[in-house]
Amino acid sequence: MSIRSPSNTLEHDTPSDAEWPTDRDASTSISPSGHPRVLKPVYAIVNTISALRACLDVLTRELTLPPKWYCKAHDLPLAYKPYASPQSHLGPVTDSTWAPPLLFNVPKGTPELYVDAEGISLSRNGELSILMLHIQSANFSQTYLIHVHVIGRQTFTTKTTNGLHTLKSILEDNRIAKVLFDCKMDSDALFGQFQVYLGGVIDLQLMYLATRNGGGRYLPGLGKCLQLDLRIPWEEQAWVDAAKDKGQRIWRPKCGGTMEIFNDNPLYEDLINYCVVDAAYLPRLFER
C-alpha cells in the first residue's frame, strides 16, 4: 500500500512527484523560481488483500468507533439493518408520514470518514470500480483509493487483523458518520452489486440545498462546488481545477475519454489526482 505513480502515466502539465514538497505540515512551499507550490493530498492505492487489510486497520484505529464487544454488552445495534417499506408490496410509498427507521439518526459531531465512488455507468446496473475513502481525524489525514475492480467482492468481506470489522460492517454502521456528495448512485451501486447498506450518511449536496440563499432550479455537482466553495489559496485552487479537468478528459466519453479507464491497473496519474481531489476536499466543503 505505497504511494506511487504508475508507469503508464499520461502526459500532463502538472509537476512531477519529485517537484512537490514533502513536508506534510505545510500547505505550500516556494519553488526555486519563487512561485508557490501546493502539496498534493496524501493518498495510497489499495489493490491487494494485504493492502486492504492494512487500510482497514488504519480506518478502525483512527475512527471513533465503539468496539463490538461494547455494543453486545449494552445490547446496542451493531449496524443499520435493511428495511422494507410497509407498502412495498403495493408499489411506491404514498404515505408522506412514513419514513424508514433511523433515517435521521445520524451521529453528531465532526465526521471523520468521507466517501466517494467512481465506475462505469455507476449504478446497480453498472460497475463500481474505485471506492475512495478519506479519513480526517484529529491527528490523521489520508485518502485511500480502493480498486474494487481488482480486488472484487473481497473488498467488502476482508476482515481487519483483529477479525472484528470489514469494510461492509463499517459502511453499514449507522453510528459512524459518512459524508458523501450526492450519494444516490454510490448507494445504488453498493447495494445493487455488493449488498452493502450505507448507514449514517450525511449528503453534502442536500446540505447545500438546505443552506444556500436564493434557491435555484438545479443542484450543483461536486465539481462546481469544488470550484466555487472551497475558499482555498489560488495556487491550490488552480491545482484542484486542473486535476478535475484532466481527469474528466480521460474518462468522459463526451471529452474523448472512456469509462473503462477506471478499471485499468495501475491507474493513470491524472485519474488518481481526479479521484483524490473528489474525496480529500470533502472535509473542506463540509466545513463551509
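Start by selecting Phe 156, which is buried at 2% relative accessibility (buried means under 20% relative accessible area, exposed over 50%, partly exposed in between, with a 1.4 Å probe and protein chains only). What you have on screen is a predicted model, in which local features need pLDDT of at least 70 and side-chain atom pairs count only at pLDDT 80 or more, while totals for chains, interfaces and linings use all residues. Residues are numbered from 1 along each chain as its sequence is written, and side-chain values use heavy atoms, with hydrogens and water left out.

**Stop one: rings**

The structure holds four aromatic pairs, where rings of Phe, Tyr and Trp (its six-membered ring) pair if their centres lie within 6.5 Å; planes under 30 degrees apart count as stacked, over 60 as edge-to-face and the rest as tilted. Phe 156 and Phe 194 make one of these pairs, a tilted one, with 4.6 Å centre to centre and 40° between the planes. Phe 156 sits in helix α4 (residues 154-157) and Phe 194 in helix α6, so this pair ties together parts 38 residues apart in sequence. A word on the labels: helices (H or I, at least four residues) and strands (E, at least two) are DSSP runs, numbered from the N terminus. Phe 194 is buried too, with a relative accessible area of 11%.

Now jump to Trp 251 and Phe 262. Their ring centres are 5.5 Å apart and their planes meet at 45°, so this pair is tilted. Trp 251 belongs to helix α9 and Phe 262 to the loop between α9 and α10, so the link spans parts eleven residues apart in sequence. Buried or exposed, Phe 262? Phe 262 is buried, with a relative accessible area of 0%, and Trp 251 is buried with 10%.

While you're in the area, select Asn 265 and Pro 266. A cis peptide bond joins these two, with omega at about 5°. Pro 266 is in the loop between α9 and α10.

**Stop two: the cores**

Next, select Leu 145, Leu 226, Val 240, Leu 271, Tyr 281 and Leu 285. These are the residues with the most contacts inside the largest nonpolar core, which has 36 residues (a nonpolar core is a set of buried Ala, Val, Leu, Ile, Met, Phe, Trp, Tyr and Cys residues joined through side-chain atoms within 4.5 Å). Colour by element and you'll find that β3 (43-46), β5, α8 (222-228), α9, α10 and α11 each supply at least two residues of this core. Which of them gives the largest share? That is α10, with eight residues.

Centre on Leu 226. Leaving aside neighbours within four places in sequence, Leu 226 is in contact (heavy atoms within 4.5 Å) with Gln 237, Val 240, Lys 244, Val 277, Asp 278, Tyr 281 and Leu 285. Apart from this core lies another, of 34 residues, among them Val 58, Phe 156, Leu 180 and Cys 183.

**Stop three: charged pairs**

Lys 244 lies in helix α9 and Asp 278 in helix α10 (residues 269-280), so the pair ties together parts 34 residues apart in sequence. Both Lys 244 and Asp 278 are buried.

How many salt bridges does the structure hold? There are eight. For another, select Glu 236 and Arg 284, whose side chains meet at 3.6 Å, N to O. Glu 236 is in helix α9 (residues 234-251) and Arg 284 in helix α11 (residues 282-287), so here the parts tied together are 48 residues apart in sequence. Glu 236 is buried at 6%, whereas Arg 284 is partly exposed at 32%.

Then go to Asp 188 and Arg 124, a salt bridge of 2.5 Å, N to O. This pair links distant parts of the chain, 64 residues apart: Asp 188 in helix α6 (residues 184-194) and Arg 124 in the loop between β4 (113-120) and β5 (127-137). Asp 188 is buried at 14%, and Arg 124 is partly exposed at 47%.

**Last stop: backbone**

In that β4-β5 loop, select Ser 121. Ser 121 has a positive phi of about 50° although it is not a glycine.

Terms used:
Salt bridge = Lys/Arg side-chain N within 4 Å of Asp/Glu carboxyl O.
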